[in-house]
Amino acid sequence: MKLQRKNRRALALGALAVSGALALTACGSDDTGGNASGDGASATTQAGNIDCGDAKGQLAASGSSAQKNAIDAWVKQYAAACKGVQVNYNPTGSGAGITAFLQGQTAFAGSDSAMDAEEIKQSQKICKDGQAIDLPMVGGPIAVGFNVEGVDELVLDAPTLAKIFDSKITNWNDAAIAKLNPDAKLPDLKIQAFHRSDESGTTDNFTTYLQAAAPKEWTYEPSKSWEAKGGQSAQGSSGVAQQVKQTAGAISYMELSYAKDGMKTVSVKTEAAEPVAATVENATAAIGAAKVVGTGKDLALELDYTPSAEGAYPIVLVTYEIVCDKGNKAETLPTTKSFLNYMASEDGQSLLADAGYAPMPQEIITKVRETISSLA
C-alpha cells in the first residue's frame, strides 16, 4: 500500500475563522515559571500530572473532526491545570486543517492521514530550517452506521460496502446483503448512502480500505475528497452522523465516537472466522500491527486494512498532530509542547477509551513523546 497518495485539495484562501472553535480558558495555579523544552533553565509547574511549563496565551489549531471529542476531553483537563492558556481547536476537517497550517495560521493541525510529499515540501516555507512532521496521537475504528428499522445487527463485507457507496447496490433487500445476513428481515427500502462533503482524512482512510479490500469493486484512488458517483453528502463527522440518525435507510462512515445515542453499526466480514464489530479493542488489535514508515522525526504509519487475525477490525484510522520539527513560532512553542505533551502522556492517552478512541500502542507513543520534547 502506498503511504503517499495524491490528494485532490483545492487550497482555500483567506484567514481561518476560529470563532466557532472550542475555546476554554485554563484556571488553576498562577505559576507559569519553567521551560517547556525541559532543559532545566527554570522550574516547571506541575498542576496535577499536567506540566504547564511556560504555556501562556492562545493556541490555535484546526483540522480533523474525527478527533474533536478527544480534543474536547483533553482541553477540559488542560484548562483546569494551566491558568491563562486558551486552546482553540476548530474541527474544520483534515484537508482544511493542513491548509491552514501550511498558511501559517495555526500552531498545529490534526489530520486523519499522513502528509504527502508535496505537503511536506510546502511546509518548509512555514517551518524555518525544518519541515512538518506527523505525530500519531489518536486511533480508532471508522464505524459504518446505519438506520434500517427492524434490523439491529448487520454484517457487510468490503465488496458489498464498495457497491453500496458507489451506488451499485441501492436497496436494502439486495441479494448481496441478504446473503450476508440470512436471519435479518431486510426491508424493501432505498439505501441512502451519505459521504463527507469536506476534504476528510476519514474519507481517505475509508476509501483506502475499500481499495485495499475490494479492488475490483472500488476503482477510485483513495482521496480526502469523495470520488465515487451518487450518494448524498454532509459536512463533518457530526454531519453524516446526524443524517444517519434522522434518515430512514441511511448508511455512512464516521469515527466511532460519533456513532452513539443508539446508532447501530455494521460488523465487517474479513478473512477471520467471525465478523468483527467496530470497537476500541478491535481497532487497537489492528493498529498494533502498524509500522512506522516516516523518515527522520516523522512518525507516519502504514496501516493494515486487510487483517486476517480474529478480532482485528479492518477499517481504522490514526489521527496525526502535524507540527514543525524546527521553526515553530517562538510565542506559541512552549504552549504547543505543553499541550502536545499532555495529549501524549499516560494520563492523556488514558482518556481516549472512554471517549470511543484507541490509545496509541506503547512503542509508538514513546517515540511521539521523545519527538515532542525535541521540537524547536
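Predicted model: local features only at pLDDT ≥ 70, side-chain atom pairs only at ≥ 80, totals over all residues.
Residue numbers start from 1 along each chain as its sequence is written, and side-chain values rest on heavy atoms, without hydrogens and water. Local features need pLDDT of at least 70 and side-chain atom pairs count only at pLDDT 80 or more, whereas totals for chains, interfaces and linings use all residues.

Helix α4 spans residues 158-165 and helix α6 residues 201-213, and the two pack at an angle of about 125° with their axes 9 Å apart; helices here are DSSP runs (H or I, at least four residues), as are strands (E, at least two), numbered from the N terminus. The two helices are therefore oblique to each other, a class left over once angles under 35 degrees (roughly parallel), over 145 (roughly antiparallel) and 65 to 115 (roughly perpendicular) are set aside.

Turning to the loops, aspartate 129 has a positive phi of about 65° although it is not a glycine, and it lies in the loop between α3 (117-123) and β7 (132-147). Aspartate 261, in the loop between β11 (250-255) and β12 (264-265), has a positive phi of about 55° and is likewise not a glycine. Most residues other than glycine have a negative phi. Aspartate 129 counts as exposed because its relative accessibility is 76%, and aspartate 261 counts as exposed at 67%, the cut-offs being under 20% relative accessible area for buried, over 50% for exposed and partly exposed in between (1.4 Å probe, protein chains only).

Technical notes: Axes fitted to C-alpha atoms, helices over the stretch in contact; angles between N-to-C directions.
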